[in-house]
Every structure is written in C-alpha cells, then in structure tokens.
Amino acid sequence: MKQKRLLTRENLIAWGQIVLGCLIGALAYPWFLVPNHIAPGGLTGLATVLNYLFGWPVGTTSLLMNIPLFLIGFKSMGGGFAIRSLTATLLFSLFIDLLPLGCLTQDPMLASVFGGALLGIGLGLILRAGATTGGTDMAARMVHKFMPYLTVGMILFVIDGIVVVLAGIYIHIEHALYAFISIYVSSMLINLMVDGLTTEKACYIIASAYEQIKAELMAELNRGVTVLDARGGFSGEERPVLLCVVSAQEVARLKLIVRRIDDKAFVFISDAHEVLGEGFRQLTEE
C-alpha cells in the first residue's frame, strides 16, 4: 500500500519537477554566473565567492554549508519535505560541479539576466514540487509558511540581497550590482513559477439585477457564481456581491453580459493566480 502511494501521479510529477528544476537551475552557474564572478545570494552565492577566492568547487562547498540548515529544516518542515529537499540539494550540487559546460558569454549584464532567469525557473520548479535546494530558499520557504502574506520570491530577494552586499566586499562592487540584477530576475521568475503560469480573473459584481446576471453568467459562461452577503457603507442597505472566477479570455464576455443587463452595475476585477477546482485545473497535493 505504501509503495502504491509513493508511485502516485502527483509524486511522479513532483520528482520529475525536482530533477528538471535542478538541471535548469544548475546550468546557470557554469554557463553564466561562476565565469563572470556573479554571486546570486544564498549559500551557493557564498560558495561562488569562495570559488573566486580559493578555487573551491561551488556545488560541493554549497552542499557542505547546507547541512546545518537541513537539520533545522527536518524538524520544522517534516520528513517528506526534508527528503525531497535533500535529494534536490544533492542533485543541484552535483549538476553544478559535474556538468561539462563552458561559459556562454563574458558580458556580465547578459550573464546576470540569463543566469538569473535559469536559476529562477529551476528554483521555481523545485519549490512547486514541495522542496528546496537548501540555503536561503529553504529559509524563505520556512518563513513563508508562518508569514504567507510574504511571497517566497520577496523573502529570497531580501535575504539574498544581504548576502550579495557582503559578497561584494570580497569580489568587487560591480559584480555585486550585477548580482542584484540576477537576484531580481530570478525572484520574479520564482514568483511566476510558484503562483502559476496562467492568470485567471476574479470578478466582483454589484448590481440591482444580480439574480438575472447570476443566471446569465452560469448559462452563457458555464461558470459557477458565488453570492456574497454585503451591506452598503453609505446607505446601509443589503447589497449582494457576485463573485465569478473566469479565464482572461472570458472577461470581455462577462463584461458584455453585465452591461447588457445593468449598465449601471459596479464591477471590479483582480488577478487570481493558480485557480484550482471544478472548471479549472485539478486540486492536487503539492
């Protein structure tokens, strides 16, 4: 029974994301970051500085520095998370040191942008699979668990920014500035990967003819509509609010339906990242 649970579709997808994320993220180092002495924060960034100063291998050095964080991570995040993260860190470190790849560009600006992009995509895939590669991204995930209003990318940007400032002292201030560009690019892509590659729209509608609008939306768009109880702040009257989540392509049709029924309706629309459930992607375990 336990073996069957380990071989679920969700687990296979998660492990596939971990391997792919490690490969993509590791490519950033031999191709762009290490040859241009760009330390993009975190323990791997510190390992890049040590590589510059002493020639120590980036992957192995980073792996050794991650051991204390894994001891903390195992207690605070649970065994499953720690096992996935340990595997991800081992693969990430091995790929960095063992991939027989050379530098693709000596332009530090290109290196910071494309290195940050590869790193962000790789780390984003790993985080979506319920793991980290240790270092500051493990710390960021633990902080995000207790402070969910702070995104993983935002926490990483702050922590890694401090690391880069320290690293700039030992390499050069210009390389530290390029590293900030790399961190910014990677944090944006981490947020994109973790929050979802597609953006649906959450539409809120306040109208007198809400019953008719609700019926038309369900009939024409085939989307569920939720009626929220609300009260007007000025009038004090009961004023139901309709909530309907649609794809970006369906927003125009929704506004057309509302305008046709009540052109004085009040509508506001916001982004809804990673909508899961009926009518959208299946809700599965991370």
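The points below are grouped by topic.

The model is predicted. Its protein chain contains eleven helices and four strands, and 43% of its 286 residues are buried.

**Overall make-up**
- Among contacts in the protein chain with a separation of 6 or more, 73% are between residues 24 or more positions apart.
- The protein chain exposes about 15400 Å², of which carbon and sulfur atoms supply 65%.

- In soluble globular proteins, nonpolar side chains tend to be buried together.
- The largest nonpolar core comprises 35 residues, and Tyr29, Phe92 and Leu119 have the most contacts inside it.
- Two or more residues of this core come from each of helices H2 (9-33), H5 (79-98), H6 (108-128), H8 (152-170) and H9 (173-195).
- H2 provides the largest share of this core, with ten residues.
- Leaving aside residues up to four places away in sequence, Leu119 touches Gly25, Ala28, Tyr29, Leu33, Pro40, Phe92 and Ser186.
- A second, separate core has 16 residues, including Cys203, Ala207, Leu254 and Ala265.

**Cavities**
- Two cavities of 30 Å³ or more are found in a search of the whole structure.
- The second largest cavity holds about 40 Å³ of space.
- Its lining consists of His37, Ile38, Ala39, Val164, Ala167, Gly168, Ile171, His175, Ala176 and Ala179.
- By residue class, the lining of the second largest cavity has seven nonpolar, three polar and no charged residues.

Notes:
Residues numbered from 1 in each chain as written. Predicted model: local features only at pLDDT ≥ 70, side-chain atom pairs only at ≥ 80, totals over all residues. Heavy atoms only, no water. Core = buried A, V, L, I, M, F, W, Y, C linked by side-chain atoms within 4.5 Å. Buried < 20%, exposed > 50% of the residue type's maximum accessible area, 1.4 Å probe, protein only. Contact = heavy atoms within 4.5 Å. Areas by Shrake-Rupley, 256 points an atom, 1.4 Å probe, with all protein chains shown as cover. 1 Å grid on protein atoms, 1.4 Å probe; cavity = no way out; pocket = protein on both sides within 12 Å on 5 of 7 lines; lining within 4 Å. Points joined across faces, edges and corners; volume = space filled by probe spheres on them. Nonpolar A, V, L, I, M, F, W, Y, C, P; charged D, E, K, R; others polar.
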